[in-house]
Amino acid sequence: MDVAKRRGQQKAIVALARRLAVIMHRIWSDGTQFRWTRTEIMPVAG
């Protein structure tokens, strides 16, 4: 939102798209798994 205030809405959209593209490319290139949260899900003992 700071970029949108300073540079305009269209540049903010492009900046966000670029950032997401870089993150997705890094995940794809090194094969890491995407996690929604930073914490690991602990397996349930059973």
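Which helix supplies the largest share of the lining of the largest pocket? That share, 5 residues, comes from H2, in a protein chain with 2 helices and 0 strands, where helices (H or I, at least four residues) and strands (E, at least two) are DSSP runs numbered from the N terminus. This is a predicted model, in which local features need pLDDT of at least 70 and side-chain atom pairs count only at pLDDT 80 or more, while totals for chains, interfaces and linings use all residues. Residues are numbered from 1 along each chain as its sequence is written, and side-chain values use heavy atoms, with hydrogens and water left out.

**Surface and burial**

- Of the 46 residues in the protein chain, 4% are buried, a class that means under 20% relative accessible area, with exposed being over 50% and partly exposed in between (1.4 Å probe, protein chains only).
- The protein chain has an accessible surface of about 5100 Å², and carbon and sulfur atoms account for 61% of that area.

**The largest pocket**

- The volume of the largest pocket is about 150 Å³; a pocket here is an open set of points on a 1 Å grid over the protein atoms alone, where a 1.4 Å probe fits, with protein on both sides within 12 Å along at least five of seven lines, and lining residues have an atom within 4 Å of a point.
- Its lining is made up of Met1, Val3, Ala4, Gln9, Ala12, Ile13, Ala15 and Leu16, and both helix H1 (2–7) and H2 contribute at least two residues each.
- By class, this lining has 7 nonpolar residues, 1 polar residue and no charged residues.
- Met1, one of the lining residues, lies in the segment before H1 and counts as exposed because its relative accessibility is 77%.
- Met1 and Ile13 are 12 residues apart along the chain, and their C-alpha atoms are separated by 9.7 Å.

- Ile23 belongs to helix H2 (residues 9–30) and counts as partly exposed because its relative accessibility is 42%.
- Met24 is also found in helix H2, and Met24 is exposed, since its relative accessible area is 57%.

Definitions and conventions
Accessible areas come from the Shrake-Rupley method with a 1.4 Å probe; for residues, only the protein chains shown count as cover. Grid points are joined across faces, edges and corners, and a volume is the space filled by probe spheres set on the points. Ala, Val, Leu, Ile, Met, Phe, Trp, Tyr, Cys and Pro count as nonpolar, Asp, Glu, Lys and Arg as charged, and the others, Gly among them, as polar.
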